[in-house]
Amino acid sequence: MPKIEESIDVNVPVREAYDQWTQFEQFPQFMDGVERVEQLDDRRLHWVASIGGQHKEWDAEITEQTPDQRVAWTATTGARNAGSVDFHRVDEHQTRVTLTMDVEPEGAVESVGSALGVPDRTVKGDLDRFKKFIESRGQAEGAWRGEIRQDDVTG
């Protein structure tokens, strides 16, 4: 599976960046092609997106979630993908957000797009839009401060 890794510094404290990222249902506001994300429970998400002009739906499970540090997931249906978002305190008012993904292209269109670097540019654009999204608000529009470790959910 091709690996994608992109980082961006956002001008908000780490808690604000992390808290906003945990508002998965707001992802369509800054993620290209994402039409809807439904949070089914603390661990499971259902995604609806348009990728390469094709309608896609899949489920993902959060495999790790540590407040102010990391959210990791893996797809449980649909195209194989997994990844993590890590939050690093740069200083009191700035956070480095690093998104790492492994994505398995499906079909010829996605394979060609992957070879041309489309997923990398999409992730970079999503992070740029996340930066504008969170910085324009100055604070998160919600938070989930629970923790997920393998099969254990606390929070």
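User: Why is Asp68 called partly exposed?

Analyst: Asp68 has 22% relative accessibility and therefore counts as partly exposed, since buried means under 20% relative accessible area, exposed over 50%, and partly exposed in between (1.4 Å probe, protein chains only). This is a predicted model, in which local features need pLDDT of at least 70 and side-chain atom pairs count only at pLDDT 80 or more, while totals for chains, interfaces and linings use all residues. Residues are numbered from 1 along each chain as its sequence is written, and side-chain values use heavy atoms, with hydrogens and water left out.

User: Where is Asp68 found, and what is its phi?

Analyst: Asp68 is found in the loop between β4 (54-66) and β5, strands being DSSP runs (E, at least two residues) and helices likewise (H or I, at least four), numbered from the N terminus. The phi of Asp68 is near 65°, a positive value in a residue other than glycine.

User: How do you know that β5 and β6 pair?

Analyst: Two strands pair if DSSP finds at least two bridges between them, and 5 bridges join β5 (residues 70-75) to β6 (residues 81-91), which run antiparallel. Ala72 has Ser84 in β6 as its bridge partner.

User: What makes β6 and β7 a pair?

Analyst: The antiparallel strands β6 and β7 (residues 94-103) are joined by 10 bridges, against the required at least two; they form a hairpin with 2 residues between them.

User: Which residues does Phe27 touch?

Analyst: Not counting residues up to four places away in sequence, Phe27 touches Trp21, Val37 and Trp47, where contact means heavy atoms within 4.5 Å.
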